[in-house]
Amino acid sequence: MDPIHPDQRGLLLELSERADETQRADETQRADERHSRQIRFAPFGAEGQARLAKAHALVVGIGALGSHVAQTLARAGIGRLTLVDRDVVDLSNLQRQVLFESADAHAGLPKASTAACAIARIDPGVEVVALDTEFDAALWHRLDRVPDLLIDGTDNFASRFAINAVSIATGVPWIHGAAVGAEGRAMVIRPGIDACLRCILPDAPTDGGGCDALGVLAPAVAHVAAFQATEALKLLGGRDAAVTRGLFVIDVWQGRFDLLFREAPPRADCEACGSRAPLAARTPATTHQANTASSYRSASLCGRNAIQVRPTSPRTLDLAAVAVTARAAGHLVDDLGGRALRVRVGELRVTLFPDGRALVFGTEQADRAIAVHGTLVGDHPD
Ligand SMILES: [Zn+2]
């Protein structure tokens, strides 16, 4: 082929720049059309939309609340979503966790990356970062971009107080949400402006408290998630004056809706955000207690008859090598597309992640889970 003459090169560059410009204009027009009904809502408008397109929300827990809110924000045109979840999709999730399908549950796929695939099908223009891991201070420090907002999609107080601590330490606002049975609650928490979770729940257990597989109605979840998503649109769209201040509480079965702690400011004597709070309470904390006698720590997964086993220091597992060894030992192994490995060991089902973490289903005994994990990854923890 003849070399391109320098003059021609300039022309080609100009043509390609013009093509890029046209493509960008097309994309903007398509995005405007996609979000046109929201832009026509005057209190949000084009300015709110433009701000939302540059915004970044981190959703902690991609279960019922998390998948609802992530889906709504993706459809609304948020710029970036970071999705964090440590769990895999289970058949009992599908009644309310709107981003998952039967095949995801049958394969036992990790929630965050599976939700990211679903969102890419909804709008490929949304940048999604999926982290199939646990949310804690260490993860926060590994984020390449600090989010503008945190969304609570968790199911336990330990995780919520971890989010509360990160929010107080960094100044990043968060939106609390919870739903059990027919009841739900949600609240916007902006450090320095609103009461924090500890301000309104001074006596709630920090270690997670009780844990049961309680029933929940999908519409209760939908109400709470709708509140969270609406307030997220206000905050990320720069419509702070419209933010609802107070604890939104509902009982969809009784038909009760209320707003408690209206306009409540931070409490001066709050042990988390108050002026006399110990420094430790105002720095990001981890959600789990380390087992000091071991290089692994374990946590029970709420209502799942499962134990999470996690190395205390970060490591990288060669999943392909683990699969070869496990198959040679006679175990059934499923490769979940490089995102995780599912291994059946007797009556236990183990999902192993590339960061060395494992979910061991079929036991509530931490020692047993740690031992099985050690056998699979070739470690012998003391
Ligand atoms: Zn507080």
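This report describes a helix pair and a sheet in a predicted model.

**The helix pair**

Start with helix 4 (residues 64–76) and helix 10 (residues 218–236). Their axes come within 9 Å and cross at roughly 40°. Angles from 65 to 115 degrees count as roughly perpendicular and angles under 35 degrees as roughly parallel. Helix 4 and helix 10 are therefore oblique to each other. Their crossing is right-handed.

Which residues make the contact? Helix 4 gives Ala64, Leu65, His68, Val69, Thr72, Leu73 and Ala76. Helix 10 gives Val221, Ala222, Val224, Ala225, Gln228, Ala229, Ala232 and Leu233. By class, this contact has twelve nonpolar residues, three polar ones and no charged ones.

Six of them form an open sheet, in the order 9-10-14-13-12-11. The pairing is antiparallel. Strand 9 (296–301) and strand 11 (332–335) are the edges, and each pairs on one side only. From one strand to the next, the twist averages 20°.

Strand 10 (residues 306–311) has a partner in strand 9, joined by six bridges. It also pairs with strand 14 (residues 358–361), over four bridges. Both pairings are antiparallel. The table lists residues that stand opposite each other.

| Residue | Opposite residue |
|---|---|
| Ala299 | Gln308 in strand 10 |
| Ile307 | Val360 in strand 14 |
| Gln308 | Leu359 in strand 14 |

Strand 9 and strand 10 form a hairpin with four residues between the strands. There, Gly303 takes a positive phi near 65°.

**Inside strand 10**

Is strand 10 mostly covered or mostly open? Mostly covered: six of its six residues are buried. In a regular strand the side chains alternate between the two faces of the sheet. In strand 10, Ala306, Gln308 and Arg310 point one way. Ile307, Val309 and Pro311 point the other way. Residues on both sides are buried.

Helix 12 (residues 366–377) lies across strand 9, strand 10, strand 12, strand 13 and strand 14. Helix 12 runs at about 60° to strand 13.

Notes:
Residues are numbered from 1 along each chain as its sequence is written. This is a predicted model: local features need pLDDT of at least 70, side-chain atom pairs count only at pLDDT 80 or more; totals for chains, interfaces and linings use all residues. Side-chain values use heavy atoms; hydrogens and water are left out. Axes are lines fitted to C-alpha atoms, for helices over the stretch in contact, and angles run from 0 to 180 degrees between N-to-C directions. Helices (H or I, at least four residues) and strands (E, at least two) are DSSP runs, numbered from the N terminus. Angles under 35 degrees count as roughly parallel, over 145 as roughly antiparallel, 65 to 115 as roughly perpendicular and the rest as oblique. A crossing is left-handed if the near helix is turned anticlockwise from the far one by less than a right angle, and right-handed if clockwise. Contact means heavy atoms within 4.5 Å. Ala, Val, Leu, Ile, Met, Phe, Trp, Tyr, Cys and Pro count as nonpolar, Asp, Glu, Lys and Arg as charged, and the others, Gly among them, as polar. Two strands pair if DSSP finds at least two bridges between them. Buried means under 20% relative accessible area, exposed over 50%, partly exposed in between (1.4 Å probe, protein chains only).
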